[in-house]
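Subject: A structure for you to look at

Hi,

Here is the structure I promised to pass on. Please open it first, and then read my notes below.

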Amino acid sequence: MKAVLFTGKNKVSYTDLPNPKPGPDEVVVEVKASGICHTDYEVLKDNYGTGAFPVVPGHEYAGVIVDVGSNVRTLKTGERVAVDPNFECGTCRACARGWAHLCENLGAYGVTQHGGFAEFSVVNASAVHPIGQMSFTRAALAEPMGCVLNGVDAVFETWMEEALIFGAGPMGLLMGLALKTQRVSRIAFCDIADSRLDLAESFGFEAVAGGSDALRSWHHRADLAVEATGVPQVAAGLTGYMANGGKGLFFGVCPSDAHINIAPFEVFRRQLTLAGSHSLNHNVPRALQVISELGDVADRVVSHRVSLSEISTFLSAAPPEGSLKVQWSAE
């Protein structure tokens, strides 16, 4: 089979690998759609947990089951599924609390084991979820939407009326769409790129240019402020936009060695809540439900559908200029 392979730190290959065979509790998925994530670049740079080279990247994927292991009774070939990439040890303190995504020994398909940027992927039978007739393109958004919903769960309150999201990229837009489903009445996006602001407006959101008077009007106003850029300077200013009693979410992936200054007196006096969220916590079925409710609008988060060889090229350098979610699509 054809596959993208990270052979070592900063080394990408487009190569042939043997077709996988399932173990007793596994299934083989013929991959039909698989998306690029910022995490893929961190895996390539060996900045995400323990390196597992060589590894096939890709943890946002969906496809068709083409083979099942001898112990698998609840799944059959021909079923259309999305993959939950995370797998946990089940014994650490976080796992005991049901926090699989915070497992001390967390693994993931596409990170520590071969993932979705290959024609076929072997995964545990418990890792796949039926998608019915949902398109594979849409179903491959289940993993990123699962991450979004984990973030929403960390901060959302029913009293929230106004939200300000910094960063109108694909994850920020999915965050905005998820908050819409929670009936947040006013959602604004701040970005430095006019094209991203235009895009946010096309989704029905308010657009606020960085450094503008409109942004200054959000001073101490947002019930929820979300940092979805991964830029430390943006994260550092988040409390300035949070209303008294408001909440802030660090959702973007800042450099691991970045530090910012937060005034503890301000957090105390204004009773602010700052939270982070990491990955998804086995909530793919819920994510698929939200994506289904969103319908065609979810598809607009995918800006490019390309060949597997092109995915290799983009992972070697950078995604296309101005892109949102980039997927390898076999549909």
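Before the notes, one term: contact, the sense in which I speak of packing, means heavy atoms within 4.5 Å. Helices (H or I, at least four residues) and strands (E, at least two) are DSSP runs, numbered from the N terminus. Please keep in mind that this is a predicted model, where local features need pLDDT of at least 70, side-chain atom pairs count only at pLDDT 80 or more, and totals for chains, interfaces and linings use all residues. Residues are numbered from 1 along each chain as its sequence is written, and side-chain values use heavy atoms, with hydrogens and water left out.

Let's start with helix H6 (residues 194-202), where Arg 196, Leu 197, Leu 199 and Ala 200 are buried (under 20% relative accessible area; exposed is over 50% and partly exposed in between, with a 1.4 Å probe and protein chains only). These residues span an arc of only 160° around the axis, so they are on the same side of H6; the arc is that of the directions from the helix axis to the C-beta atoms. What do the buried residues of H6 pack against? Their partners are helix H5 (170-181), strand S11 (186-191) and strand S12 (206-209). Exposed Asp 194 and Ser 195 are on the face of H6 turned away from the buried side. After H6 comes Gly 204, with a positive phi near 90°.

Now for the rings. The whole structure holds 4 aromatic pairs (rings of Phe, Tyr and Trp, the last by its six-membered ring, with centres within 6.5 Å; planes under 30 degrees apart are stacked, over 60 edge-to-face and the rest tilted). One of them is the tilted pair of Phe 87 and Tyr 109, at 5.0 Å centre to centre and 55° between the planes. Phe 87 belongs to strand S6 (residues 86-87) and Tyr 109 to the loop between strand S7 (107-108) and strand S8 (120-124), so the pair ties together parts 22 residues apart in sequence. Phe 87 is partly exposed at 24% relative accessibility, whereas Tyr 109 is buried at 6%.

Finally, have a look at His 129, in strand S9 (residues 128-130). His 129 is buried, with a relative accessible area of 17%. Leaving aside neighbours within four places in sequence, His 129 is in contact with Arg 80, Val 81, Ala 82, Asp 84, Val 284, Pro 285 and Leu 288.

Enjoy exploring!

Best wishes
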